[in-house]
Amino acid sequence: MKRLQQTKQVLGSEGVLTLVVRHETQALELFAALWQTIADFEQRFSRFLSDSELTKVNQNAGHPTEVSAEFLALLQTAKMYASKTDGLYNPFILPALQRSGYAGSWVAPKGEAPAKGTQFTGGNLASYEDILFDGSTVTIPANTALDFGGIGKGYLLDLLADSIDAKGQVGGYWLSLGGDIVCAGYNLDNKPWDIGIQQAQGKNTVARIRNKFGKRMAVASSGTTKRQGVHEGKAWHHIIDPRTGAPATTDILTATVSVPKAVEADVFAKCLVIATVAASSKLADTLHIRDYLLQTTQRGIIMQGRGWA
Amino acid sequence: MREFIVESTKNVSPGVVNLTFRPARPSDAFDFEPGQYISFGFKRGARPSPMRCFSLVNAPDERGYLQIAFRVEGPFTQSAARLRRGDRVMVQGPFGEFTISPRQDRRVVMLAGGIGITPFMSMVRAAKDRYPMLPMTLLYGCRSASDIPYAEELLRLENADPNLQVIFFISDGSRLRQSGAQVVHGRIDDAWLDKVSSGSFIGSTYFICGPKRMTEALPAQLIARDIDPSRVVTESFTQTSQAGQRGWGIPRITYALAAVGTLAVIGIIMGLDLVRQVPKLVAQQAKNNSSTSSNSNNTNDATANTSTSGATDNTSSTSNTNSSTSTSDSSSSTYQQPVSSVS
């Protein structure tokens, strides 16, 4: 068996694909297909591109928009998780996010203006219940805008893992999109994958979680220590609390969640950050989060679950 | 001792009962390896039953559920078969080394007789997730086609897993109801042992579980076919026994290296001390001999230095490849470890 790895800048962060395969040619074909899936996803769902399907839907807010099956599927998933988290995850936070200061893409050259037609700073925060589906058309309330930043990477990781599993012939893999990870199978010599958890404010590893049984396992971290800055004299970060429409006031620096589905890891990690330490335990029970780790401002590291190595 | 609650009871074939337990509290749950066994007991009236050992038949379960199966044939199993959902049982374990080692076992041949199928059920149920690339062959001997626990499920697992092969050996000549099964009428005989010990089976590890005559006879027959005794592993329901040692596992090597290392360090320190102190002692002795005063004592002061090795951190800093794609293989030093960071 061989372990092959490719890295690339995608979705505004680093993508890492690692495959354990018998033949190198299998891996190279699979790598190409996976990168293509990621590129298609970015083109369709980026809020920074003026010609993405997402931007078109946002520009047509208040009116029905014909969308692709892929868009429909992601939006339905987003609505489902908004409902499941009782609105703590909300796909309508884009105007609030842009007002806070997160306007341009992090991969665009510094100082470069955001693409035309991608700014919705005057928009409102709507409820997930206001999304209307009618066949292949969707309608979002007027003067609102969607953003899949809180769910997209996880959703995409599940798609990529599904396509690897469907192909078979892969002994193991781990995929990372900006630090959100999905893994399955085994490393070389049938060793289980160990996923390190990075320090909230540093590069060290504070804990490890082991995928003991080789089943699909996803790990996502979310927090206030990255994608943050100062806007009009006020500090901001990118975790918006839908209840206030402002960056969340929280005592959690980062929340890391490990569950089988990457989309859930992605969404639930953000919800835990918003929930604060006091409400995190109850929320984890409600969402059936078995393994999670909180790096907090006051209480150090809080680890729950049995998966930590 | 851990407390579990009976979740369900089910007859999997005439006279064979399958019990499923769930942990009474999350802290009672534990992980186990497919092939391991537990001991369990329960209360009959107010009196506790003895603890008896049974192989786990389920794949390791994230919820901590345990499953055992047994043939009802004595007072204990008759009482156990009368347990009902909600009854509490006491569990100890997991025990045993009747387990597959993906590191050592490159191909596995499982030889089961009757209810001796139980540890293998755990292995084959876990196979697809746990040993996805490991070829496994199960030779399953039964007296009658009407009395084969888990026959349907084994066929289903075989169909779903290209690495799993199941061959039923039925000794009374009756016909198996399920279609598509590979059936041999007779016992696991010399011809079959020849087959599974030659050709592509060379280097396999053999697991044997079944009636006493089977676990006693088969290891010798396999070893007579030039199978390394360390690759023949037997289990006889309630006790583990092995035809030979399974080779040097990691812990033993670790202990041995640690012991050798410690002795070497002690030897080096003693040697250095001798080199340093002997000339002084000799000189002192000479001085003492030449001096009329001999009151001074020379104290040897051996100091052992302990070196502290810094903990290394496996976190790789993420390098910006600016959208370039590079392929690194397992021998490359640029391999990144999986690290979850704030996205």
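Between chain B and chain A, 12 residue pairs are in polar contact, both residues at pLDDT 80 or more. A polar contact is a pair of N or O atoms within 3.5 Å; within protein, one must be able to donate a hydrogen and the other to accept it, and residues adjacent in sequence count only if both atoms are side-chain atoms. The model is predicted, with local features requiring pLDDT of at least 70 and side-chain atom pairs pLDDT 80 or more, while totals for chains, interfaces and linings use all residues. Residues are numbered from 1 along each chain as its sequence is written, chains are lettered from A in the order in which they are written, and side-chain values use heavy atoms, without hydrogens and water.

On the side of chain B that touches chain A, α2 (118-130), β15 (326-328) and β16 (339-340) each supply at least two residues. Helices (H or I, at least four residues) and strands (E, at least two) are DSSP runs, numbered from the N terminus. The largest share, 3 residues, comes from β15(B). This side of chain B divides into 10 nonpolar, 20 polar and 9 charged residues, with Gly counted as polar.

In total, 39 residues of chain B contact 52 residues of chain A (heavy atoms within 4.5 Å). The buried area is about 4000 Å² (accessible area lost, 1.4 Å probe, summed over both parts). Carbon and sulfur atoms give 46% of this area.

The interface holds 1 salt bridge (side-chain nitrogen of Lys or Arg within 4 Å of a carboxyl oxygen of Asp or Glu). Lys212(A) and Asp31(B) form a salt bridge at 2.7 Å, N to O.

Strand β8 (residues 194-198) of chain A runs parallel to β16(B), joined by 2 bridges (pairing requires at least two DSSP bridges). Gly196(A) stands opposite Val339(B) in β16(B).

Note on methods: Buried area is the accessible area (1.4 Å probe) that two parts lose on being put together, summed over both.
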